[in-house]
Amino acid sequence: MGGPGIAALASALADLVLPRTCAGCGIAGWVLCPRCAPLLAEPRTASPRRFPWGFPPTVAAGAYAGPVRPAVIAFKERGRAELAVPLGAALALAVAAVVSAVPGPRRPVVLVPVPSSRQALRSRGRDHVRELTARAVVELRTAGVVASEARLLRRRGRARDSAGLSAAQRRANLAGTFEPAPGPPAHPRRALLVLVDDVVTTGATLTEAAAVLAPLECVGDAPVLAAVVAATPRADPERRPGTRLPVIGKRPENVPRRPLDRLSGPAQGD
Ligand SMILES: [Zn+2]
């Protein structure tokens, strides 16, 4: 197990033994190099091709394409846990962006990790979404955002791994996948709930998770939002990366922009 001290020591030892290469492009000497890291600092709204009804307002830190793809896969499937730092920073950026589109006074932000399937947890031996969530909370707090994590969802039944399924199959596969986690919600009232996950493709998972969260009493009148590290890009010329974020509800003059400006972003995350 071991605490943070042990983890730091292990990381330092790994530095001695393993030559680091950029998880995006393979160049030596970086976890994520200065050319690849900025690709995860281009927040954009995620809009799946077949926008599922009930898909929550979602911001991705970058496009799930080019060097971002191998970087996410290296973290998720190849055990490169040190990527939690830059990818967690990217997630924090996406959270800050989606929250900034909500009008009204600043509210505490609660990150709700999308639970992985038991099968996925077993095969990976870790919960990579929770690792990202923990890093993102650290980044947000450093940027002055009141942020915390709450595991409000859990898996129920057993959905198959969704890899290789069509959008419709995914939705059927996911129907009834999540349920509210037992126990009282340990988060501040009037908080903004932001579902967090690594990647959004069809949007089925976030839609399903948001549908379970929305009716919970603890959510109140706030919209359920979502943030991800990367989103499958759309080949739509109208949608350029980094363009306008949607305004969720009515935006007053004084929407706080500070969190975005002050986040360190993935480039400094290493
Ligand atoms: Zn690179």
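**A residue to begin with**

V109 counts as buried because 29 C-beta neighbours lie inside 10 Å of it; a residue is called buried if 20 or more other C-beta atoms lie within 10 Å of its own, exposed if 12 or fewer, and partly exposed in between, with C-beta atoms placed from the backbone. This is a predicted model, in which local features need pLDDT of at least 70 and side-chain atom pairs count only at pLDDT 80 or more, while totals for chains, interfaces and linings use all residues. Residues are numbered from 1 along each chain as its sequence is written.

**Around V109**

- V109 has its place in strand 3, where strands (E, at least two residues) and helices (H or I, at least four residues) are DSSP runs numbered from the N terminus.
- Not counting residues up to four places away in sequence, V109 touches V95, V99, L140, V145, V146, A147, A191, L192 and V194; two residues are in contact if their C-beta atoms, placed from the backbone, lie within 7 Å.
- Although V109 and L192 are 83 residues apart along the chain, their C-alpha atoms are separated by 4.9 Å.

- Six strands form an open sheet, in the order 1-2-8-7-3-4 and with mixed pairing; two strands pair if DSSP finds at least two bridges between them.
- Strand 1 (44-45) and strand 4 (147-149) stand at the edges with a single partner strand each, so one side of each is left without a neighbour in the sheet.
- Strand 8 pairs in the parallel sense with strand 2 over 5 bridges, and also in the parallel sense with strand 7 over 6 bridges.
- Within these pairings, A227 of strand 8 is the bridge partner of V59, while A230 of strand 8 stands opposite V199.
- Strand 8 is mostly covered, with 7 of its 7 residues buried.
- Strand 3 and strand 4 pair in the parallel sense over 3 bridges, and L111 stands opposite E149 in strand 4.

**The helices**

- Helix 5 lies across strand 3, strand 4, strand 7 and strand 8, and runs at about 130° to strand 7; axes are lines fitted to C-alpha atoms, for helices over the stretch in contact, and angles run from 0 to 180 degrees between N-to-C directions.
- Helix 3 packs against helix 5 at an angle of about 65°, and their axes are 7 Å apart.
- The contact is made by A84, V85, L87, G88, A89, L91, A92, V95 and A96 of helix 3, together with E131, L132, R135, A136, E139 and L140 of helix 5.
- Helix 7 is mostly covered, since 9 of its 10 residues are buried, among them L206, E208 and V212.

**The nonpolar core**

- The largest nonpolar core has 72 residues, of which L91, A94, V95, V194 and V196 touch the most other members; such a core is a set of buried Ala, Val, Leu, Ile, Met, Phe, Trp, Tyr and Cys residues joined through C-beta atoms within 7 Å.
- Helix 3 gives the largest share of this core, 14 residues.
- V95, leaving aside its neighbours within four places in sequence, is in contact with V109, L111, A136, L140, V194, V196 and A227.
- As a general background, nonpolar side chains tend to be buried together in soluble globular proteins.
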